[in-house]
Amino acid sequence: MAPGRPCAAGLARFCQKLKRRKLLADSSMATSLQRCLSALDLTLLGVGSMVGSGLYVLTGVVAKEVTGPAVTVSFVVAAVASLMAALCYAEFGARVPRTGSAYLFTYVSMGELWAFLIGWNLVLEYVIASAAVARAWSGYLDAMFDHRIQNFTEAHLGVWQVPFLARSPDWLAAGIILLASAFVSCGARVSSWLNHTLSAVSMIVILFIVVLGFILARPSNWGEAEGGFAPFGFSGVMSGTATCFYAFVGFDVIAASSEEARDPKRAVPLAIALSLGLAATAYILVSAVLTLMIPWHSLNPNSALADAFYQRGYSWAGYLVATGSICAMTTVQLSGLFCLPRIIYAMAADGLFFEMFAYVHPRTQVPLLGILAFGALTAVVTLLLDLDALVQFLSIGTLLAYTFVAISVLVLRFQTASQSRSPSLAGSGPKAKEYSSFSDHLELVGAGHGPEPGRLRPALRPYLGFLDRGSPGAAVRGAVCGLVVSAIALGCVLMLGHSVLRLPLWGFLLLLLCSSVTFLLSLLVLGAHQQQRLKDTFQMPLVPLIPALSIVLNFCLMLKLSYLTWVRFTIWLLIGLLVYFGYGIWHSKENWREPPGLVTARYVAFSDGRVEETVRDPGQAPAQGPGSP
């Protein structure tokens with residue numbers, strides 16, 4: 001081989017590192033974090049992360065400028081769309097009860113590089129989200145005091161005219177971040193108690209708004225005299241849906257907290273369902289009473305609820321609304337700062353991020369360094385930077401995470417046994433299979449002797465046998481790839497076909513037909529194969545349909561974002577790749593998985609129903625089944 005020419009084997013090993021998947025040794029509940037959260041704790045954590053400034057600001061903005069009274073329909077459609085992503089998170093949160101959320105789910109199903117990029121984007125998402133909520137919190141409080149805080153700051157420090165910097169430093173918002181970080185560092189119990197208290201106050205205020213609002217309701221405000229129920233038509237309702245979708249962002253904090261749940265298999269799916277249901281109910285009822293109290297065109301977008309009560313002669317109710325909004329935004333703040341260091345902890349524990357952030361305080365049992373470091377970083381971002389240009393990062397990061405989680409559900413549901421990294425046990429006696437991966441172990445303990453995933457359904461083999469002629473799982477892998485590619489093409493045609501691509505009608509219809517047919521064929525191929533079935537673990541229904549629809553929806557919403565958001569997002573990804581190739585790939589714990597001489601435990605299941613746990617040296621040849629020479 002010529003000097004300097006890369007070795008093919010070395011290049012293959014390098015590529016293998018990029019797509020290696022995390023193998024969890026077992027499904028035990030052992031963790032260095034404290035398992036102290038009940039289903040109620042997780043539910044209120046999810047409600048607190050979803051019902052925040054959106055309820056008090058977003059509702060009025062969408063009703064006034066986008067949909068009119070049909071904002072209620074937009075929230076219903078957005079809740080159903082969010083449910084598809086939430087079901088994916090619920091299945092993974094119950095199946096993989098470890099902290100890390102979408103990062104971990106991607107790691108165990110799609111590979112290390114993709115997982116790092118998802119985790120990297122989640123870090124930015126939580127930093128910006130926490131900073132934006134802190135700014136909204138301080139702005140709302142400042143408005144109650146006639147903007148005296150902002151006026152004092154600008155009078156003594158002046159107004160900054162520097163690109164990417166805020167108009168003036170927001171000391172109040174930065175102080176809120178530091179105070180919330182201090183509470184989160186005290187432990188999950190303290191954070192949960194504070195979240196319970198604030199969520200209770202917030203829900204009482206919401207109940208008051210709904211009851212008094214319906215008492216003051218005027219059905220004529222939805223009549224033709226005021227423009228009708230949907231003055232902006234169907235397009236307005238769908239545009240409102242795209243905006244309202246982000247009101248339900250936040251249920252992933254439940255999945256990220258699954259390692260601190262007492263019974264994650266039961267608590268995580270239940271908490272996700274209850275929190276999403278409660279948040280959807282709150283948004284729908286509040287938007288209904290808001291547009292019934294006063295005409296939609298009379299709303300004040302900046303403080304719609306308080307102004308609506310003021311217009312009806314109940315100005316005192318505005319103080320209750322302000323109290324509820326501050327409590328709601330504080331719970332969102334706590335949820336974000338609770339989840340952020342746990343994502344960092346998961347990445348550091350896997351060796352993909354700096355190891356010091358994997359430190360867990362022995363008394364409080366929380367990732368203390370991650371909380372302090374990233375709490376301080378968030379405070380600096382809140383204090384100095386202009387967040388208006390960065391807030392759209394929240395949308396693209398969240399939607400990308402939703403997409404990868406949906407793809408991960410498809411991958412693990414249809415993953416064939418032969419795709420496991422451990423060799424099968426062979427022999428002339430009863431057929432045995434060795435289980436080493438976490439998903440394989442779940443199949444062993446949960447499914448027993450059910451149908452083998454990734455194989456063609458027996459009833460369809462006489463008709464579709466050609467799908468099984470290739471390597472095991474080849475048809476499934478091809479169908480998943482076809483599904484993703486056709487979903488991207490379908491989203492591009494629907495969202496960009498007329499406005500950006502300016503396709504002629506025949507071209508639009510042709511591309512729409514081709515992408516739709518490919519999408520449906522991929523769905524049918526996946527549906528023709530057997531899925532992994534687990535007992536005593538939540539599994540979302542209607543797979544592969546729901547994950548596939550979630551993927552299409554997420555791509556469509558991502559394509560509605562501005563091109564500048566995509567440019568900034570690409571730059572952030574490039575920085576992440578530098579971190580990964582400069583540190584993560586060399587320090588990954590997967591580099592040292594099963595070194596020579598390490599004795600590891602393996603689960604072995606024989607076709608006659610026996611299950612055994614074997615211990616062997618990975619450097620030795622696999623054990624043979626009964627009756628083998």
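At 2% relative accessibility, Ser-335 counts as buried, where buried means under 20% relative accessible area, exposed over 50% and partly exposed in between, with a 1.4 Å probe and protein chains only. This is a predicted model, in which local features need pLDDT of at least 70 and side-chain atom pairs count only at pLDDT 80 or more, while totals for chains, interfaces and linings use all residues. Residues are numbered from 1 along each chain as its sequence is written, and side-chain values use heavy atoms, with hydrogens and water left out.

Ser-335 sits in helix H14; helices (H or I, at least four residues) and strands (E, at least two) are DSSP runs numbered from the N terminus. Leaving out residues up to four places away in sequence, Ser-335 touches Leu-45, Gly-48, Ser-49, Asn-195 and Val-253, a contact being heavy atoms within 4.5 Å.

Ser-325 counts as buried because its relative accessibility is 0%, and Tyr-56 and Tyr-140 touch it, residues up to four places away not being counted. Over in helix H12 (residues 264-293) there is Ser-287, again buried at 0% relative accessibility. Its side chain reaches the backbone oxygen of Ile-284 at 2.9 Å. Beyond its neighbours within four places in sequence, Ser-287 is in contact with Thr-59, Val-71, Thr-72 and Phe-75. Thr-72 is 215 residues away from Ser-287 in sequence, yet the C-alpha atoms are 5.9 Å apart.

Stepping back, the protein chain has 22 helices and three strands. Of its 629 residues, 54% are buried. Among contacts between residues at least 6 apart in sequence, 81% join residues at least 24 apart. Helix H5 (residues 102-109) is mostly covered, with eight of its eight residues buried. Just after H5 comes Gly-111, with a positive phi of about 125°.

Next comes the second largest pocket, with about 890 Å³ of space. On a 1 Å grid over the protein atoms alone, a pocket is an open set of points where a 1.4 Å probe fits, with protein on both sides within 12 Å along at least five of seven lines; lining residues have an atom within 4 Å of a point. Grid points are joined across faces, edges and corners, and the volume is the space filled by probe spheres set on the points. The elements giving two or more residues to this lining are H1 (8-19), H6 (112-144), H16 (392-413), H19 (474-496), H21 (545-558) and H22 (563-587). Of the 30 lining residues, Ser-109, Met-110, Trp-114, Ile-407 and Val-411 lie nearest the centre.

A cis peptide bond, with omega of about 15°, joins Val-543 and Pro-544, and Pro-544 is in the loop between helix H20 (505-527) and H21. Leu-542 is in the loop between H20 and H21 and has a positive phi of about 55° although it is not a glycine; at 57% relative accessibility, Leu-542 is exposed. Arg-502, in the loop between H19 and H20, has a positive phi of about 50° and is exposed at 65%.

Technical notes:
Polar contact = N/O pair within 3.5 Å; in protein donor to acceptor, adjacent residues only side chain to side chain.
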